[in-house]
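Subject: Structure for you to look at

Dear colleague,

I am handing over a structure that you have not seen before, and below it I have set down what was found in it. Please keep it open beside this message while you read.

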Amino acid sequence: MIPFAKRRSHLVLFAGVLAASLIVAQGLARAQDATAPAANDRVAQRYTRQPKADAASQAAPASDGLDVKIQKIPLPDFVKEQQTDPALTQHTQSGAGSPAAEGDPIDMEKSVKRGLDANPQMQSARALLAGSEDSRRQAMSNFGFVGTVSYAFQRTDSQVVGATTQTLPANQVLNNLMGTSLSTSRYVNARSGYWQNIYQFQLQATQPLFTGFKLLSTYQKAALQKDYSTANISYTELSLIKSVQQAFLTLLQARANVQSNKDSVARLESQYKVAQAYYDVGLKPRLDVLQAESDLAQAEQDLLKAQNAVLVQTAQLNSLLNLPLNQQTNYVGELTYLPFTMTIEDCLDTAYKQRPDLYMGVKSVQMAEKDVKIAASTFYPQVQAQATYTKQGNDPGLELRDMSGATTPESSTFAITASLQAWDWGSTFFGTQAARESVKKLQADLANLRLNVGYQVKTCYLNIQDAAKRISVARTALEASREGYRMAVARYQAQVGTSTDVLDAQARVSTAEYNLTQALTDYQSALADIYVAMGIKNLSLASN
């Protein structure tokens, strides 16, 4: 056992050696800093200490003097060289760093209304509905008779060949002189010219009486197609509402990220100045300044990316609203918590009743069933009535002036015909079978769509609950990280903490702000998704 007094002397000796070593190391570091090449090393030039007034101020700088020195320390050049969109330069406010807004404020509800009025998708859906109504009227008109009017001219030039008797004088003389009985005549063919001009005017009406249910099924299919197109407008509206709301929320998120990055840059600028001031008076090493500048540069890059995201999202939202892409529209809104009180059972019941794509699926099955009847119509006889009135003559006015040929001046006919296709090598049969298989396919697609609707609603409902929980956690984390940052700064300024502690605390604040923004965005996005999944047009996402 070593006596206590002897061990104490050894500890004192060891502490003295350690202190001497630290003093020597600090002197070598300062000598190295003083001998660094100032002409070629930009970093060395930036962090070269300023001349001190006296030794007393170097050892213990006055608090007021240090604060003034911190305010006078210039920031790095990259902080002042933020690039913006050249097309938006004329709209940029002096010193603001963000484009100026144009026009009246537009919130989410107004944005959705504008999109529903001006987006080309809605114009396409409305044109489809108008065309389906015309198709329905066309199918209805097929039940009536079809009237045709014709006027024709026909010119005929020909020869008529007939039989005639020719007398044979020589045979008569021989019979008289010699008493023979030779034939005194013979039959010969005679040709005569013939021509005729016929002008004909005809009126004809054809009325279908029975077409094997083809006309009826075609009309019913056209009526179903109109219902389908009407539901398609609602489906297009829901899709457009979701697109506009998602773009609007993404824009709000990008703006929140810009503000968060600006706050981060401001905190890192302050830390950079403090670290530079402490280094200048010899209280902190140059490593603290380098770390502060590195984190500041990273924050500047994140800020530039966030500002660019705002420009991109503004252009996307303008395109959805059919506005000029370069227009800096004054979109207003904030990411907030909006209550949602519906249960999962209520959500599913609403979706099954109001989803337009489910209604469209039902109409598709019904139209396919009508296609089966249309394909099978050839199995039935086709019956139609036809009435015809004809007037003709041999001059353009339908008069009879030249009697060069026989002409019937007027005629009227009425007929009923029935026809049945007797054999087509199975074409009608196989066509009908193919139509029936199409019905089965659409029925299976409808069942699958119903399952997907339930899955979508359930997923959106769970996303709402998850985002709501994350909002509460993110707010708690943000409060704690801000308090931690405040304490880290205080400890650093009191020289009992390190620069790494401050930078880590600042990173935690930035992460907490990002997490809160992301949670709020996810929550409202989940709200937009579940309303669309239920077939509800909630323009402002307010609770119904």
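Predicted model: local features only at pLDDT ≥ 70, side-chain atom pairs only at ≥ 80, totals over all residues.

For the overall picture, the protein chain has 13 helices and six strands, and of its 544 residues 33% count as buried. The chain exposes about 32000 Å², of which carbon and sulfur atoms supply 56%. Among the contacts with a separation of 6 or more, 82% are between residues 24 or more positions apart.

Turning to the interior, nonpolar side chains tend to be buried together in soluble globular proteins. Here the largest nonpolar core has 81 residues, and those with the most contacts inside it are Leu317, Tyr331, Phe340, Cys347, Leu527, Met534 and Leu541. At least two residues of this core come from each of α5 (108–118), α6, α8 (214–280), α9 (286–320), α10 (344–354), α12 (427–493) and α13 (499–534), with α8 giving the most, namely 19 residues.

Leu541, another of the core residues with the most contacts, deserves a separate look. Leu541 is found in the segment after α13 and counts as buried, at 1% relative accessibility. Its phi is near 65°, a positive value in a residue other than glycine. Gln495 also has a positive phi, of about 60°, although it is not a glycine; Gln495, however, is found in the loop between α12 and α13, where it is partly exposed with a relative accessible area of 42%.

Next come the charged side chains. Side chains of opposite charge can pair when their charged atoms come close, and in this model the count comes to 16 salt bridges. I would draw your attention to three of them.

Glu133 forms a salt bridge with Arg137, and the closest N and O atoms are 3.0 Å apart. Because the two residues are four apart in helix α6, about one helical turn separates Glu133 from Arg137. Glu133 is buried, with a relative accessible area of 13%, whereas Arg137 counts as exposed at 52% relative accessibility.

The side chains of Lys221 and Asp371 meet in a second salt bridge, at 2.6 Å from N to O. Lys221 lies in helix α8 and Asp371 in helix α11 (residues 356–375), so this pair ties together parts that are 150 residues apart in sequence. Lys221 counts as partly exposed at 29% relative accessibility, and Asp371 is partly exposed as well, with a relative accessible area of 27%.

In the third, Arg470 is paired with Asp522, the closest N and O atoms being 2.7 Å apart. Since Arg470 lies in helix α12 and Asp522 in helix α13, the pair ties together parts that are 52 residues apart in sequence. Arg470 is partly exposed at 30% relative accessibility, and Asp522 is partly exposed with a relative accessible area of 25%. Salt bridges that share partners also join Glu133, Arg136, Arg137 and Lys226 into one network.

Finally, how many disulfides does the structure hold? It holds zero. A disulfide is a covalent bond between the sulfur atoms of two cysteines, and a pair is counted when the two sulfur atoms are within 2.5 Å. The cysteine sulfur nearest to that of Cys347 belongs to Cys460, at 9.3 Å, and Cys347 is in no disulfide. Cys460 is likewise in no disulfide, its nearest cysteine sulfur being that of Cys347. Cys347 is buried at 0% relative accessibility, and Cys460 is buried too, with a relative accessible area of 9%.

With best regards

Methods: Residues numbered from 1 in each chain as written. Heavy atoms only, no water. Core = buried A, V, L, I, M, F, W, Y, C linked by side-chain atoms within 4.5 Å. Buried < 20%, exposed > 50% of the residue type's maximum accessible area, 1.4 Å probe, protein only. Salt bridge = Lys/Arg side-chain N within 4 Å of Asp/Glu carboxyl O. Contact = heavy atoms within 4.5 Å. Areas by Shrake-Rupley, 256 points an atom, 1.4 Å probe, with all protein chains shown as cover.
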